[in-house]
Amino acid sequence: MALSSIGFLGAGKMAQALSKGFIGSGVIASNAILASAPKATSVNLGVIKDIGVNTTTCNSEVVRNSNTVVVAVKPHVVPSVLEEISSDVTSSKLIVSIAAGIPLSLLQSKLPSSSRIIRVMPNTPSLIRQGCAVYALGDHVIEGDSEAVHSLMSSVGSCAEVKEALVEPFLGMSSSGVAFLFLALEAMADGGVKMGMPRSMAYDIAAQTMIGAARMVKDLDQHPAQCKDDVCSPGGCTMAGIHVLEKQNFRGALMDAVEAATVKAQELGDQD
């Protein structure tokens with residue numbers, strides 16, 4: 001399937017990140033993207049327009065003029081938006097939903113029975129083409145749909161096809177997880193500031209430390225525990241810090257955060 005035009009229903013942060021990533025990667029030109037928001041004065045519409053994307057206040061216009069339509073509105077308005085555009089959805093349209101917690105079954109129930117639907121869950125580093133995404137296929141996709149979405153999301157990071165049951169856990173660990181890592185990065189920088197380091201330097205060092213640690217796990221194909229142990233000399237500074245984190249239940253707090261975000265996403269899908 002050729003990605004000749006992409007439409008976003010919604011112009012929020014994720015639509016902005018994906019649009020900028022798609023344009024920057026060269027997978028599609030800015031003038032082939034159309035995004036909608038309820039009001040012409042919407043701040044989000046102004047931001048995405050500055051990226052180079054065409055804009056409108058009409059959701060149906062987006063559907064009619066796009067062969068791939070990305071549902072990027074808040075979860076609680078997804079049902080009403082789908083009902084609004086349902087009459088414009090034909091077999092020539094690929095519907096891609098990035099709405100958190102909204103299952104394929106609900107998407108299918110609000111659109112024509114043979115609609116081609118793929119559920120995608122990305123994360124915001126797609127903005128700089130360092131994203132991570134998973135996608136699950138609906139019952140009526142045709143040959144080329146999966147490959148098209150894979151190509152699209154691969155242009156802004158890594159992606160993989162999964163069973164739908166894994167979409168919410170991915171959201172909890174990766175889509176929400178970037179915020180957990182930002183919080184950890186900020187806290188590490190605050191620790192550096194507390195010990196006398198200039199704040200701008202502390203942010204740069206904390207960010208590069210996180211990047212380097214992640215690359216070691218990926219590039220060396222080592223278990224994170226092994227990478228950690230390699231830094232922890234007997235009786236050393238790092239082990240003293242690790243002891244504090246263990247006493248404060250650092251691991252358990254992160255695991256609980258992933259679980260809480262996953263459960264919340266599941267609850268969003270049960271509200272309709």
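Let us start with residue classes: Ala, Val, Leu, Ile, Met, Phe, Trp, Tyr, Cys and Pro count as nonpolar, Asp, Glu, Lys and Arg as charged, and the others, Gly among them, as polar. This is a predicted model, in which local features need pLDDT of at least 70 and side-chain atom pairs count only at pLDDT 80 or more, while totals for chains, interfaces and linings use all residues. Residues are numbered from 1 along each chain as its sequence is written, and side-chain values use heavy atoms, with hydrogens and water left out.

On a 1 Å grid over the protein atoms alone, a cavity is a set of points where a 1.4 Å probe fits but cannot get out, and a pocket is an open set with protein on both sides within 12 Å along at least five of seven lines; lining residues have an atom within 4 Å of a point. Points are joined across faces, edges and corners, and a volume is the space filled by probe spheres set on them.

The second largest pocket has a volume of about 740 Å³. Its lining has 31 residues, and K13, M14, A72, V73 and K74 are the closest to its centre. Elements giving two or more residues to this lining are α1 (13-25), α7 (167-175) and α8 (177-194), where helices are DSSP runs (H or I, at least four residues) numbered from the N terminus. The most comes from α1, with three residues. By class, the lining of this pocket splits into 18 nonpolar, 11 polar and two charged residues.

Follow α7 into α8 next. Their axes, which are lines fitted to C-alpha atoms over the stretch in contact, with angles from 0 to 180 degrees between N-to-C directions, come within 4 Å and cross at roughly 20 degrees. That makes α7 roughly parallel to α8, a term for angles under 35 degrees. L171, G172, M173, S174 and S175 of α7 make the contact with G177, V178 and F180 of α8, contact meaning heavy atoms within 4.5 Å. This contact has four nonpolar, four polar and no charged residues.

The whole structure has one cavity of 30 Å³ or more, and about 50 Å³ of space lies in the largest cavity. Its lining is made by L18, F22, V70, V96, I98, V120, V149, L152 and M153. Here α1 and α6 (145-154) each give two or more residues, with α6 giving the most, three. What classes make up this lining? It has nine nonpolar, no polar and no charged residues.

How values were computed: Angles under 35 degrees count as roughly parallel, over 145 as roughly antiparallel, 65 to 115 as roughly perpendicular and the rest as oblique.
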